[in-house]
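Here is a short briefing on one protein chain. Look over the sequence and the structure first, then read the points below.

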Amino acid sequence: ATGPKFLTRIFDAATSGGGGSKTESVNNVSIITGAGGERMVQSDVRLRLSMSIPAWVPIPKKTLEKQGSESLQKMIDSDVGPLVEEFRDKLVAWAEKTSIDGKLGSLISQPLDTKR
């Protein structure tokens with residue numbers, strides 16, 4: 001890790017040795033009908049991150065939670081836009097390849113493979 005020595009020491013201690021970090025995520029994709037009757041893809045995601053923090057870290061729990069939440073949210077916000085665009089592009093390509101009458105709205109009757 002790079003940055004202020006004190007913070008890199010905390011990061012190195014939290015990510016090395018016993019415990020480390022663990023992530024879990026669940027993504028449910030569904031087709032919903034918008035206010036104007038258009039069909040839209042909706043993705044509901046739950047993300048869980050577990051990371052060991054050494055007991056000697058002199059930062060209050062509430063501060064760690066607040067800063068950790070803000071930091072992770074910024075990272076998610078910056079990463080999600082490009083992922084959504086890529087998903088949309090692949091979905092459109094799939095719809096065109098399967099010769100569905102040219103309209104994404106017809107996807108409601110087609111299964112979506114979100115595990116690729």
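The chain exposes about 9,300 Å². Carbon and sulfur atoms supply 55% of that area. Keep in mind that this is a predicted model.

**Surface and burial**
- The chain has 116 residues, and 10% of them count as buried.
- Burial here means under 20% relative accessible area.

**Overall layout**
- The chain holds two helices and two strands.
- Along the sequence, these elements come in the order α-β-β-α.
- Consider the contacts in the chain with a separation of 6 or more: 43% of them come from residues 24 or more positions apart.

**The strand pair**
- Strand β1 covers residues 21-33, and strand β2 covers residues 39-51.
- The two strands run antiparallel, and 13 bridges join them.

**The turn between the strands**
- β1 and β2 form a hairpin, with five residues between the strands.
- In this hairpin, glycine 37 takes a positive phi near 90°.

Definitions and conventions
Residues are numbered from 1 along each chain as its sequence is written. This is a predicted model: local features need pLDDT of at least 70, side-chain atom pairs count only at pLDDT 80 or more; totals for chains, interfaces and linings use all residues. Side-chain values use heavy atoms; hydrogens and water are left out. Helices (H or I, at least four residues) and strands (E, at least two) are DSSP runs, numbered from the N terminus. Buried means under 20% relative accessible area, exposed over 50%, partly exposed in between (1.4 Å probe, protein chains only). Contact means heavy atoms within 4.5 Å. Accessible areas come from the Shrake-Rupley method with a 1.4 Å probe; for residues, only the protein chains shown count as cover. Two strands pair if DSSP finds at least two bridges between them.
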